[in-house]
Amino acid sequence: MGRAVVLHFDLESFFTTVGAGRVHGIFRLAGYPEPVAHTLAGLCTTVTPPAVLRAAPPATGDGAVERRHRMLAHLAAPHLAQGAPTSPALANLSAFGLDRRL
């Protein structure tokens, strides 16, 4: 690669951290009118059902309680859906500023 240092890392539960508001903003920046951006954001995001959240395994290990609480909070709010064909592109657009800074 020709670089002295190469960093490789994974962001924990990244799709769950990209909320509907962020997705809505991406569509607005792309030029869609407010109602269209709102509808598209609704189609591209999901909320985890409460029964699934209640069935989540308990936290174990150092810092696991905080991580579990954070993840369940993200899952309970509208977020990008794991496995949806739109999610990778929207996640990349939402992280564009981070990519540039890194």
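# Reading a Predicted Model

Visitor: Does threonine 16 count as buried or exposed?

Guide: Threonine 16 has 13% relative accessibility, so it counts as buried. Buried means under 20% relative accessible area, exposed over 50%, and partly exposed in between (1.4 Å probe, protein chains only).
The model is predicted: local features need pLDDT of at least 70, side-chain atom pairs count only at pLDDT 80 or more, and totals for chains, interfaces and linings use all residues. Residues are numbered from 1 along each chain as its sequence is written, and side-chain values use heavy atoms, leaving out hydrogens and water.

Visitor: Where is threonine 16, and what does it touch?

Guide: Helices (H or I, at least four residues) and strands (E, at least two) are DSSP runs, numbered from the N terminus. Threonine 16 sits in helix 1 (residues 14–17). Leaving aside residues up to four places away in sequence, threonine 16 is in contact (heavy atoms within 4.5 Å) with His74, Leu75 and His79. Its side chain also reaches the backbone oxygen of serine 13 at 2.6 Å.

Visitor: What does threonine 45 touch?

Guide: Threonine 45 belongs to strand 1 (residues 45–46). With 13% relative accessibility, threonine 45 counts as buried. It touches Ala20, Val23, Pro78, His79 and Leu80, not counting residues up to four places away in sequence. A polar atom of its side chain lies 2.7 Å from the backbone oxygen of alanine 41.

Visitor: At what angle do helix 2 and helix 6 cross?

Guide: Axes are lines fitted to C-alpha atoms, for helices over the stretch in contact, and angles run from 0 to 180 degrees between N-to-C directions. The axes of helix 2 (residues 20–29) and helix 6 (residues 87–94) cross at roughly 85 degrees and come within 10 Å. The two helices are therefore roughly perpendicular (65 to 115 degrees; under 35 is roughly parallel, over 145 roughly antiparallel, the rest oblique). Arg22, Val23, Ile26 and Phe27 of helix 2 meet Leu90, Leu93 and Ser94 of helix 6.

Visitor: How many aromatic pairs does a search of the whole structure find?

Guide: A pair of aromatic rings is described by the distance of the centres and the angle of the planes. Rings of Phe, Tyr and Trp (its six-membered ring) pair if their centres lie within 6.5 Å; planes under 30 degrees apart are stacked, over 60 edge-to-face, the rest tilted. The search finds one pair. The ring centres of phenylalanine 27 and tyrosine 32 are 5.8 Å apart and their planes are at 85 degrees, so the pair is edge-to-face. Phenylalanine 27 is buried at 12% relative accessibility, whereas tyrosine 32 is partly exposed at 36%.

Definitions and conventions:
Polar contact = N/O pair within 3.5 Å; in protein donor to acceptor, adjacent residues only side chain to side chain.
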